[in-house]
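Please read the points below against the coordinates.

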Amino acid sequence: MRIISGKHKGRQLLAPKNLPVRPTKDMAKEGLFNILNNRYYFPDLKVLDLFAGTGNISFEFASRGVDDILAVDMHSGCINYISKIANELEMDIKTVKSDVFSFLSRNTEKFDVIFADPFYDMELGEFQKLPSLIFENELLLEDGVLVIEHSKQTNLESIPHFDNSRKYGNSVFSFFKT
């Protein structure tokens with residue numbers, strides 16, 4: 001994986017092979033960040049990266065000037081890798097080792113952007129829990145957005161707060177707003 005833009009543009013990051021991850025492809029990531037860049041001034045953002053995996057999305061936000069990032073994943077190897085790379089690159093990324101649904105149930109912080117990249121084969125009911133917990137617990141700041149990455153075989157359009165989606169190859173980003 002590589003960082004596409006910002007301070008660390010072009011930097012290649014090699015994650016350990018034993019992590020249970022599927023990093024967002026560069027083409028999809030570039031499309032997502034073009035959308036977000038047209039909507040937000042990155043240095044002002046507060047970002048939550050759920051199912052953070054390798055930290056690919058967190059590193060991209062940090063490279064683009066975001067200094068308030070929280071990455072959540074339940075796999076200790078993922079959390080250790082994100083912390084290690086963030087330290088090496090002097091990025092201010094906080095990490096939490098937790099099940100995402102448990103974290104969302106007890107969290108009280110609010111964010112401008114919440115990005116979730118769960119396993120593509122997660123049950124539709126589990127996908128539905130994400131926006132449900134986020135909107136019920138009012139975890140988005142004013143004009144905030146929830147972005148869920150999923151496969152093109154999964155359709156999230158019927159979930160409350162769905163706004164739109166964008167397809168990039170086999171990946172889809174579904175956007176949810178208040």
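**Notes on the predicted model**

1. The buried residues in H5 are Phe127, Leu130, Pro131, Leu133, Ile134 and Phe135. Their cover includes S1, H4, strand S4 (111-116), strand S5 (140-151) and S7. Just after H5, Glu138 adopts a positive phi of about 50°, a spot to look at when checking the backbone there.

2. The sheet is open and has seven strands, in the order S3-S2-S1-S4-S5-S7-S6 with mixed pairing. Strand S3 (93-97) and S6 stand at the edges; each has a single partner strand, so one side of each lacks a neighbour in the sheet. On average, neighbouring strands are turned by 15° against each other, direction ignored.

3. Within the sheet, the pairing of S1 with S4 is parallel and runs over four bridges. Leu50 stands opposite Ala116 in S4.

4. Two helices that pack on the sheet can be described by what they touch. Helix H1 (residues 26-37) touches S4, S5, S6 and S7, and its direction makes about 145° with that of S6. Helix H3 (residues 76-88) touches strand S2 (69-73) and S3, with a direction at about 165° to that of S3.

5. How many aromatic pairs does a search of the whole structure find? The search finds eight. One of them is Phe51 with Phe101, an edge-to-face pair at 6.2 Å centre to centre with 70° between the planes. This pair links distant parts of the chain, 50 residues apart: Phe51 is in the loop between strand S1 (47-50) and helix H2 (56-63), and Phe101 is in helix H4 (residues 100-106). Phe51 is buried, with a relative accessible area of 16%, and Phe101 also counts as buried, at 13% relative accessibility.

6. The ring centres of Phe162 and Phe176 are 5.7 Å apart and the planes stand at 80°, so this pair is edge-to-face. It too links distant parts of the chain, with Phe162 in strand S6 (residues 162-168) and Phe176 in strand S7 (residues 171-176), 14 residues apart.

7. Phe33, Phe42 and Phe61 form one aromatic cluster. The charged end of Lys46 sits over the ring of Phe111, 5.4 Å from the ring centre. Likewise, the charged end of Lys129 sits over the ring of Phe101, at 5.3 Å from its centre.

8. Ile57 is found in helix H2. With a relative accessible area of 4%, Ile57 falls under the 20% limit and is therefore buried. Which residues is Ile57 in contact with, leaving aside its neighbours within four places in sequence? They are Thr24, Lys29, Leu32, Phe33, Asp49 and Phe115. Ile57 and Leu45 are 12 residues apart in sequence, and their C-alpha atoms are 14 Å apart in space.

How values were computed. Residues are numbered from 1 along each chain as its sequence is written. This is a predicted model: local features need pLDDT of at least 70, side-chain atom pairs count only at pLDDT 80 or more; totals for chains, interfaces and linings use all residues. Side-chain values use heavy atoms; hydrogens and water are left out. Rings of Phe, Tyr and Trp (its six-membered ring) pair if their centres lie within 6.5 Å; planes under 30 degrees apart count as stacked, over 60 as edge-to-face and the rest as tilted. Buried means under 20% relative accessible area, exposed over 50%, partly exposed in between (1.4 Å probe, protein chains only). A charge sits over a ring if NZ of Lys or CZ of Arg is within 6 Å of the ring centre and within 35 degrees of the ring normal. Contact means heavy atoms within 4.5 Å. Two strands pair if DSSP finds at least two bridges between them. Axes are lines fitted to C-alpha atoms, for helices over the stretch in contact, and angles run from 0 to 180 degrees between N-to-C directions.
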